Amino acid sequence: MEHVAPPAWVMLAYLISGVFFILALRGLSSPATSQQGNRFGMAGMLIAVVTTLVTHEVASLPEILGAIAIGGGIGWVTARKIAMTDMPQLVAAFHSLVGMAAVLVAAAAFLNPVAFGIAGEDGLINPVSRVEMGLGIAIGAITFSGSVIAFLKLAGKMSGAPILLPLRHVINLGTLAAILGLIGYFTVDQSPWIFWTVTALAFLIGFLLIIPIGGADMPVVVSMLNSYSGWAAAAMGFTLHNTAMIITGALVGSSGAILSYIMCKAMNRSFISVIAGGFGAEAAVSSGEAKEQRPWKRGSAEDAAYMMQQAESVIIVPGYGMAVAQAQHILREMADVLKKQGVSVKYAIHPVAGRMPGHMNVLLAEASVPYDEVFELEDINSEFAQADVAFIIGANDVVNPAAKTDKTSPIYGMPVFDVDKAKTVFFVKRSMGGVGYAGVDNDVFYMDQTMMLLADAKKMCEDIVKALQH
Amino acid sequence: MDFISILSIFVMACFVGYYVVWSVTPALHTPLMAVTNAISSVIIVGALIAGAAGGSPTAKWLGLIAVALASVNIFGGFAVTARMLAMYKKKER
């Protein structure tokens with residue numbers, strides 16, 4: 001049986017669905033058009049699902065509707081209830097589901113090739129389709145197991161520290177080579193053992209690839225897995241000759257790849273070095289011994305309130321610590337009080353602040369911070385020199401001047417905020433003991449104009465708000 | 001469709017994806033990930049074909065599970081994106 005070409009309107013419907021997905025991403029170029037874009041995405045999905053259902057002989061409609069209802073219900077409720085701070089792990093969990101769905105679809109296509117129209121006249125699967133489904137199941141399985149580990153690390157159910165196996169590079173490359181070799185061999189021998197071995201090895205390598213990667217490298221990992229979930233969908237689109245799946249797969253694949261690139265660039269790390277893992281593990285060990293004691297000043301909430309009231313401009317630099325302390329709401333209240341008193345308040349967001357791309361922006365939006373008060377690194381960095389106060393809350397490595405000056409530092413070359421140029425710096429931090437993710441000391445702590453506000457971020461902001469209102 | 005036409009669509013779509021994604025504002029990168037998540041669940045098309053077909057009961061059940069998983073993502077992904085996007089507001093003047 002050769003592929004029977006579907007009627008023209010069906011091809012057209014899938015094409016429209018694909019175009020709607022492009023418009024969904026296009027809408028995200030500005031917050032003003034983004035909601036419209038999201039509706040395009042929903043419409044595209046509806047078109048794809050309905051077209052598939054009406055053009056296939058459906059032997060089990062109640063079961064299918066049941067599956068959609070169960071899955072949809074779970075998804076809907078989760079989406080309504082999830083806290084914005086938990087968004088990174090939610091996205092990781094969603095990635096794992098796409099990966100698993102790809103694995104199941106590829107497995108179903110292998111078991112019932114006739115239904116997918118990929119069986120040749122002799123009942124065997126076409127060699128090209130075998131490569132496509134081999135790749136589909138492998139990428140899907142890597143996406144699944146990798147995302148599960150990323151989810152566990154992000155949700156704190158597993159230590160964020162890198163787990164380094166001996167010989168891990170040899171094991172990983174060997175496994176990868178075995179997967180590719182078996183997929184190649186699959187074109188001449190369609191034995192089930194090959195297919196299932198590829199699947200098992202892919203599940204294994206997804207797990208092995210992510211365990212050596214530390215917590216703060218998760219923005220890259222989550223973006224990378226996002227990309228993989230797209231390539232898995234594209235591979236299955238090739239198998240099914242489905243335009244909507246191919247366009248979407250390519251869109252999602254490039255989206256994840258671009259986000260990974262942006263994140264790597266914002267850390268001045270190569271993609272390979274992130275994937276190789278282990279960052280932060282060695283640095284933390286070496287800095288432990290040779291740490292000199294330097295003088296630093298401790299400030300109080302009253303000091304901070306007083307200085308910021310006197311200031312003309314304040315720039316707030318939030319980081320992952322703000323998310324952990326859930327301090328975004330009280331932080332916005334603090335900014336509101338200051339604005340009422342005539343102080344200009346802006347927020348500065350580093351591309352890798354938080355645990356996923358755009359994480360800080362979402363949290364500030366949740367706290368009703370208007371998006372036109374929130375600025376990206378390159379747009380605001382020159383303003384620190386004129387700012388009266390830099391208020392750093394839960395960030396550390398992204399304000400470390402060592403990235404500019406110290407060639408031996410693990411974060412050398414990473415673009416950082418020039419907070420050291422501000423007249424006064426307030427650094428909200430839980431204790432002096434903890435170092436940032438990179439495990440390096442931060443000269444900003446010891447500058448003359450710096451006052452350390454040692455407390456929980458939320459508690460500190462509450463105290464500052466109280467002091468401001470006196 | 002022959003392999004080359006499909007490949008052409010794929011390559012063109014990669015280029016479209018490249019330019020469209022670079023135009024996304026960094027402030028919306030988290031919603032971008034959530035919505036790409038939702039749309040990559042278009043893999044539900046394959047799951048529906050497997051779930052709807054007779055022939056192999058195992059394949060059918062694998063398909064139905066895949067339909068359920070993809071549905072979690074579709075409904076969850078679009079809903080959470082909508083929820084996030086509704087929070088982005090301009091300054092009141």
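Tutor: Let us begin with a definition: strands are DSSP runs of at least two residues, numbered from the N terminus. Please keep in mind that the model is predicted.

Student: In which strand of chain A does F391(A) lie?

Tutor: Strands carry numbers counted from the N terminus. The run in question covers residues 389-393 of chain A, and F391(A) lies within this run, which is strand β4.

Student: Is F391(A) buried or exposed?

Tutor: A residue is called buried when its relative accessible area is under 20%. F391(A) touches M308(A), V314(A), I315(A), I316(A), V317(A), L331(A), M334(A), F426(A), V428(A), L453(A) and I464(A), leaving aside residues up to four places away in sequence. Because its relative accessibility is 0%, F391(A) counts as buried.

Student: What distance separates the C-alpha atoms of F391(A) and T450(A)?

Tutor: Along the chain, F391(A) and T450(A) are 59 residues apart.

Student: Among contacts in chain A between residues at least 6 apart in sequence, what percentage join residues at least 24 apart?

Tutor: The contacts to consider are those between residues at least 6 apart in sequence. Those that join residues at least 24 apart make up 78%.

Student: How far apart lie the centres of the positive and negative side chains of chain A?

Tutor: Chain A has 28 positive and 35 negative side chains.

Student: Which residue of chain A forms a salt bridge with D217(A)?

Tutor: Side chains of opposite charge can pair when their charged atoms come close. For D217(A), the closest N and O atoms of the pair are 3.1 Å apart, and the partner is R269(A).

Student: How many residues apart are D217(A) and R269(A), and where do they lie?

Tutor: D217(A) is in the loop between α8 (192-210) and α9 (218-240), while R269(A) is in the loop between α10 (243-267) and α11 (271-276). Both count as buried, because D217(A) has a relative accessible area of 0% and R269(A) has a relative accessibility of 12%. The pair links distant parts of chain A, with a separation of 52 residues.

Student: Which side chain of opposite charge is nearest to K153(A)?

Tutor: K153(A) is found in helix α6 (residues 127-154), and among the residues it touches are M158(A), I210(A) and M218(A). K153(A) is buried yet has no salt bridge. The nearest side chain of opposite charge is 9.4 Å away and belongs to D217(A).

Student: Which residue forms a salt bridge with R294(A), and why does the pair tie together parts that are 147 residues apart in sequence?

Tutor: In this salt bridge the closest N and O atoms are 3.8 Å apart, and the partner of R294(A) is D441(A). R294(A) lies in the loop between α12 (281-289) and α13 (301-310) and D441(A) in the loop between β5 (424-429) and β6 (450-454), so the parts tied together are 147 residues apart in sequence. R294(A) is partly exposed at 26% relative accessibility, and D441(A) is partly exposed at 23%.

Student: Which residues are linked with R332(A) in a network of salt bridges?

Tutor: R332(A) and D336(A) both lie in helix α15 (residues 328-340), four residues apart, about one turn of the helix. Their side chains meet in a salt bridge of 2.8 Å, N to O. The network links R332(A) with D336(A), K339(A) and E373(A).

Student: Which side chains form the salt bridge between chain A and chain B?

Tutor: Contact involves 101 residues of chain A and 78 residues of chain B, and the area buried between the chains is about 8000 Å², of which carbon and sulfur atoms give 79%. Across this interface the rule finds one salt bridge. With a distance of 3.2 Å, N to O, the side chains that meet are those of K60(B) and E63(A).

How values were computed: Residues are numbered from 1 along each chain as its sequence is written. Chains are lettered from A and ligands numbered from 1 in the order in which they are written. This is a predicted model: local features need pLDDT of at least 70, side-chain atom pairs count only at pLDDT 80 or more; totals for chains, interfaces and linings use all residues. Side-chain values use heavy atoms; hydrogens and water are left out. Contact means heavy atoms within 4.5 Å. Lys and Arg count as positive and Asp and Glu as negative; His and the chain ends are not counted. The place of a charge is taken as NZ of Lys, CZ of Arg, CG of Asp or CD of Glu. Buried area is the accessible area (1.4 Å probe) that two parts lose on being put together, summed over both. A salt bridge is a side-chain nitrogen of Lys or Arg within 4 Å of a carboxyl oxygen of Asp or Glu. Buried means under 20% relative accessible area, exposed over 50%, partly exposed in between (1.4 Å probe, protein chains only).
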